[in-house]
Each structure stands twice: as C-alpha cells, then as structure tokens.
Amino acid sequence: ESNVDVWLFDVEVIRIGDSAAAPILRRIIGPSELSAKVQQERRAAELVKRLRKEFWRVILPPVQREAERFGVFQGREPTGSAYVSQKAEGPATAYWQVWVTSAGSWLCLRFHGVAKAEALHYFDQLQERRAEFEEAFGQKLKWDPLPGSMGAVVRWDNPVKGGFQSDPEAWPKAGESLAQAMGRFVEVFQGPVAALREYSPEAESGDVVGAD
C-alpha cells in the first residue's frame, strides 16, 4: 500500500493574439483534505501497531517465563495488538489478559457472559474471598463489575511506568514487574477459577427446575 498522493491534471495550450502559447493546468483529481486526514490517521495507526509489537518483544518473554508453569501465554508471538488473552480453565467464560497502553501496562482476569448475571455470578464468588486473595497476592487489586458491560474484571495495574510510547530503556523494568505479578496472579486465582460453581440461569432467576 502506498501513501503517495496522486494528482491528475489536464493541460491545455492557448494563444491570445500574437502572444506566445501558454499552458493552462486544470486539476482533474487531487487529494482532498478528508483523504489526507484519512491517510494521516492510517499512518498513525500503523505506527502504534509497530511500537506495540516492539514493546511486546521486550515484555512478553518474561511474562511467558513466569506463567510457563501454569501453561499461560505459551507459544504466543509479539503482535501489534493492545493485549494478549487466554481462556482460563473452569466453567466460567474467563480470560487471563495482559494489556499495554502508551504509558503503562496492566493484567487482569476478565469474565464474560451471554448475560450480565453470568459474569457477575463468577466474579462475585471470587470477590467474597477478596481479602484472602489479596493477602496471597501481596497487593490490593481492582475489583470492577464494569457497569454497563457484559463483563467484570479483577485487575492489577503495573506501578512501574513504561508503555509502548515511553523511552525503550524503561521497557525491561516494566516488563519484569509485570511478569512477576503475572506469576503470582495466576498462582492465586487459577485453582479457585477452575473450581467456581457453574452458572445456571434458572437458579439466578429464582426458578425451581421441574416445579409445577
């Protein structure tokens, strides 16, 4: 794909009286302000993807190293995406995720459901044991039911600054902090997530299956 602007002109030669022939250019096609803006936005998006990919090249290997014993994120390659995600074992539609931003990074356990009640059914089971999990993890976590969405998350924000638009010299330190937290995070939650009580729409609505 080319980012070169294309112009098309019609050239006409005219002569007035005994004067020398003079060319007149009439533009037929040329880049509009709108198309120029679209191209600028496309180039900016491509740059973001390239920077993300370079950032992942630095931070993904240590994350994979710490998560290897749990089978999380193994075999993943750096891409231009804002996150990596893997389904967690258990009855819930839940994912281990790591996100990168322009200035930082964070990790989470994200629940989804065909209904909000499904996501909250699993999220609430863990939140009831919040103090226990945070003590085992060693830090406070963000417990966000994500109002207005179909999901909910348990999240940890990396306190070590450094994102894909930060100085590359900050990337390794940010990556190591993220990796250490990822190892502890999965260690704390993997077993409990696998053992969550399965969601039943009938039970959530208060209906009794088989009742007359």
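## Surroundings of Phe-111

In this predicted model, Phe-111 touches, beyond its neighbours within four places in sequence, a set of residues that includes Ala-92, Thr-93 and Ala-94, together with Ala-119, Tyr-122, Phe-123 and Leu-126.

## The nonpolar core

Phe-111 is also, with Trp-96, Leu-109 and Phe-189, one of the residues with the most contacts inside the largest nonpolar core, which has 43 residues. At least two residues of this core come from each of helix H1 (33–67), strand E4 (93–100), strand E5 (105–112), helix H2 (116–127), helix H3 (130–137), strand E7 (151–157) and H4, and the largest share, 10 residues, is that of H4.

## The sheet

Five strands form an open sheet in the order E3-E4-E5-E7-E6, and their pairing is antiparallel. Strand E3 (83–87) and strand E6 (142–144) are the edge strands, each of them pairing on one side only, while neighbouring strands are turned against each other by 20° on average, direction ignored. Within this sheet, E4 and E5 are joined in the antiparallel sense over 8 bridges, and Trp-99 has Trp-106, in E5, as its bridge partner.

## Helix H4

Helix H4 (residues 171–194) lies across E4, E5, E6 and E7 and runs at about 20° to E5. Its 24 residues reach 33 Å from the first C-alpha to the last, close to the 34 Å expected at 1.5 Å a residue, although H4 has a kink of about 25° at Val-188, shortly before the proline Pro-192.

Definitions and conventions. Residues are numbered from 1 along each chain as its sequence is written. This is a predicted model: local features need pLDDT of at least 70, side-chain atom pairs count only at pLDDT 80 or more; totals for chains, interfaces and linings use all residues. Side-chain values use heavy atoms; hydrogens and water are left out. Helices (H or I, at least four residues) and strands (E, at least two) are DSSP runs, numbered from the N terminus. The expected span of a helix is 1.5 Å times one less than its number of residues. The bend at a residue is the angle between axes fitted to the seven residues ending there and the seven starting there. A nonpolar core is a set of buried Ala, Val, Leu, Ile, Met, Phe, Trp, Tyr and Cys residues joined through side-chain atoms within 4.5 Å. Buried means under 20% relative accessible area, exposed over 50%, partly exposed in between (1.4 Å probe, protein chains only). Contact means heavy atoms within 4.5 Å. Two strands pair if DSSP finds at least two bridges between them. Axes are lines fitted to C-alpha atoms, for helices over the stretch in contact, and angles run from 0 to 180 degrees between N-to-C directions.
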